[in-house]
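Dear colleague,

Please find the structure below, handed over for your work.

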Amino acid sequence: MERGNSTVVTEFILLGLTQSQDAELLVFVLVSLFYIVILPGNFLIILTIKSDPGLTAPLYFLLGNLAFLDASYSFIVSPRMLVDFFSEKKVISYRGCITQLFFLHFLGAGEMFLLVVMAFDPYIAICQPLHYATVMSPRVCYALLLALWLGAFAHSIVQVALILHLPFCGPNQLDNFFCDVLQVIKLACTDTFVVELLMVSNSGLLTLLCFLGLLASYAVILCRVKGHSSEGKSKAISTCTTHIIIVFLMFSPFLSTPPLQGLPS
């Protein structure tokens, strides 16, 4: 396809993680092992929650959805990456790249919002125990689930919309094994300062606010359980500790990256 005197990019070349075959083989083995463990593990969680009549509490309902999101997220990049290890030329079409970006942000934001909802459950159970059955009723749980899906869709569609109007007519190599937003934007044949700034506002700020909100909610919970019995305090701290570990594992990659990294000066 031609646009004036410049060629319109219809595909992107993925350079991968490394050019060393030995290193690629090692990464392939490690990714395969994690994939074999994580995927069946998530499906086992979902199956257990669905098949056990005793696991009907809102916490298990939310945990099952988190396992579903995590399993779905693993299908976006990992299978293609494993196949690309054996490909001499790693190529992804423009449409495939945009689709990958959409689902990466859609499911990633969905997990992030679900963690916020999961923090809301112990907060109500500990701080408002008499109203727990009403506040966390099945109808409310489904409403919260619908809200997080809509929020994740809105976030993802904004990310994709910011990229779709950019012209790509020059280099098409991505120094990665998947379509990374900032790297894709850098290949555009135009000034992308405003677009990158909007990306940071949409992703970075949203992630930071959710992370701080989660920490604040757990801080309130831990302060409230100080006056409880030793057994109740131990149970609450155990639940909160598990959630906090998951939160740090989820958010640490985002928080370890400088929010303005990649923006032109």
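Angles between axes count as roughly parallel under 35 degrees, roughly antiparallel over 145, roughly perpendicular from 65 to 115, and oblique otherwise. This is a predicted model, in which local features need pLDDT of at least 70 and side-chain atom pairs count only at pLDDT 80 or more, while totals for chains, interfaces and linings use all residues. Residues are numbered from 1 along each chain as its sequence is written, and side-chain values use heavy atoms, with hydrogens and water left out.

Helices are DSSP runs (H or I, at least four residues) numbered from the N terminus. Axes are lines fitted to C-alpha atoms over the stretch in contact, with angles from 0 to 180 degrees between N-to-C directions.

The axes of helix 2 and helix 6 (residues 138-164) cross at roughly 25° and come within 11 Å; the two helices are therefore roughly parallel. On the helix 2 side, Pro58, Phe61, Asn65, Phe68 and Leu69 make the contact (heavy atoms within 4.5 Å), and Cys141, Tyr142, Leu145 and Trp149 do so on helix 6.

Helix 1 (residues 21-51) and helix 2 (residues 58-73) have axes that come within 9 Å and cross at roughly 150°. This pair is therefore roughly antiparallel.

Asn202 lies in helix 8 (residues 193-224) and is buried (under 20% relative accessible area, 1.4 Å probe, protein chains only; exposed is over 50%, partly exposed in between), at 17%. A polar atom of the Asn202 side chain lies 3.3 Å from the backbone oxygen of His155.

Yours sincerely

Terms used:
Polar contact = N/O pair within 3.5 Å; in protein donor to acceptor, adjacent residues only side chain to side chain.
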